[in-house]
Amino acid sequence: MSHYFVYSEILKKVLQLLYMPTDIQITFLGTASAQPSLTRNQSSLALRFDGTVWLFDAGEGTQHRLIQNRDPSNNIKLGKIRRIFITHLHGDHSFGLPGLLCTLSQNVTIQDGYQDASVDIYGPPGTRRYVRNSLLSTYCRLGVKYSVHELVYPNSDLHLTDELHPEEILGLNIPQSVDSITSNLYWDVFRDEETSVIAASIKHTVPCLGYVVTEANSPGKLRANEIIPILKSHSKEFQEQGIRNPLALLSSFKNGNSITLPNGQILNPADYMDPERRGRKLVILGDTSDPSNIQPFCNDATVLIHEATNSFLKSDSLDTTEQQVHEQTISHGHSTPQMAGQFAKAINAKQLLLNHFSARYKGDQSPESVLVMDEIANLAKSAFGTDNVLTAYDYLTVTVPRVQL
């Protein structure tokens, strides 16, 4: 067996570890507006990545949707839910939260990682008091700790002296920040080494948020064809230094550490790396008739999830006009498919997912329902200028792949 073959096999394994692709899966648990229907539950969606689940909104029946899911390939484990983000406190986005916490706490194990962890909930002012009072007044005890972090305004009532629930860890009050470039206000909600979440106010009939989930950029591709011959040419000297497999140095090299050859020459990673890969960006908006305040943070989104509550369809022409539907939709704090498409175009989104539909628009897969939803999608496509539009239905899962080598 040649040394080259051995080196090649080692390199493959190293690169597999360095570029382990993790798809993000978006599953819609509820796509109705206002009230549930026979085919749509109230608002909620799950984001799955790196073995964890984040929920956005928890309308009534969210736990039912999680439990009743019978698709083994699309299974969302209650015990994997780590963070819950609430866009606003209208009941169709929040009534399911207390019950979900109770059920979640009965379905976790030490293996799920909850031994020393808590469920983190984020939302507008009032979220903490709503969750706390719901649990206290119904004498609910939980099997896990929880914290509610409120995205506060300067004059928000923080309820710091209220009685805490026994399983409650007092959460943060996250103040607004000012973007240094646009002067727009936003909240720095969460960040770690891999992911950040910011939020900003969007226009609705009550305080409402949009969230932007951004993945950290990844290092560029290592140009192995350039550096392998160099390492191979010094393999004997490396072995004399106790380094049996010089290619094992590539892992550290990929992370930014230079390699000093036996002859003293220093190899710098920047000289053998392609430019870094931009991380994925997901924009998840609550109900809105105008999301322009969050626009500066949404540019070049990989996916935009935008409501499209009401539409003017061909079958409506005998009873109303497109302008009347547009004005009525805005007066209720909502959007049409065209408005969603215009915003997607403005931020240069790659894909637009429409949700939060009136009960008029069924979410089943009957030919009649599919035709209606196709017409709604086409309205958004005409404004977006691309065909990359989907109308969501309950249990629809959309995969957002990571850039492959």
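This is a predicted model: local features need pLDDT of at least 70, side-chain atom pairs count only at pLDDT 80 or more; totals for chains, interfaces and linings use all residues.
Biologist: Where is S311 placed, and which residues does S311 touch?

Modeller: S311 sits in the loop between β15 (303–307) and α9 (322–331). Leaving aside residues up to four places away in sequence, S311 touches D316, V325, P337, R360, Y361, I376 and L379. A contact here needs heavy atoms within 4.5 Å.

Biologist: What makes E193 buried or exposed?

Modeller: The relative accessible area of E193 is 73%. The cut-off for exposed is over 50%, therefore E193 is exposed. E193 is found in the loop between β9 (185–191) and β10 (195–202).

Biologist: Which residues gather with E193 in a patch of negative charge?

Modeller: D50, D192 and E194 gather with E193 in that patch, on the surface. Asp and Glu count as negative, and like charges are joined within 9 Å.

Biologist: How many side chains of each charge does the protein chain have?

Modeller: There are 34 positive and 42 negative side chains, and the centres of the two sets lie 7 Å apart.

Biologist: What share of the protein chain counts as buried?

Modeller: Of its 405 residues, 51% count as buried. The accessible surface of the protein chain comes to about 19,300 Å², with 51% of that area belonging to carbon and sulfur atoms.

Biologist: What secondary structure does the protein chain have?

Modeller: The protein chain has eleven helices and 18 strands.

How values were computed:
Residues are numbered from 1 along each chain as its sequence is written. Side-chain values use heavy atoms; hydrogens and water are left out. Helices (H or I, at least four residues) and strands (E, at least two) are DSSP runs, numbered from the N terminus. Buried means under 20% relative accessible area, exposed over 50%, partly exposed in between (1.4 Å probe, protein chains only). Accessible areas come from the Shrake-Rupley method with a 1.4 Å probe; for residues, only the protein chains shown count as cover. The place of a charge is taken as NZ of Lys, CZ of Arg, CG of Asp or CD of Glu. Patches are made of residues with over 30% relative accessible area and no salt bridge: like charges are joined within 9 Å, nonpolar side chains (Val, Leu, Ile, Met, Phe, Trp, Tyr) within 5 Å. A salt bridge is a side-chain nitrogen of Lys or Arg within 4 Å of a carboxyl oxygen of Asp or Glu.
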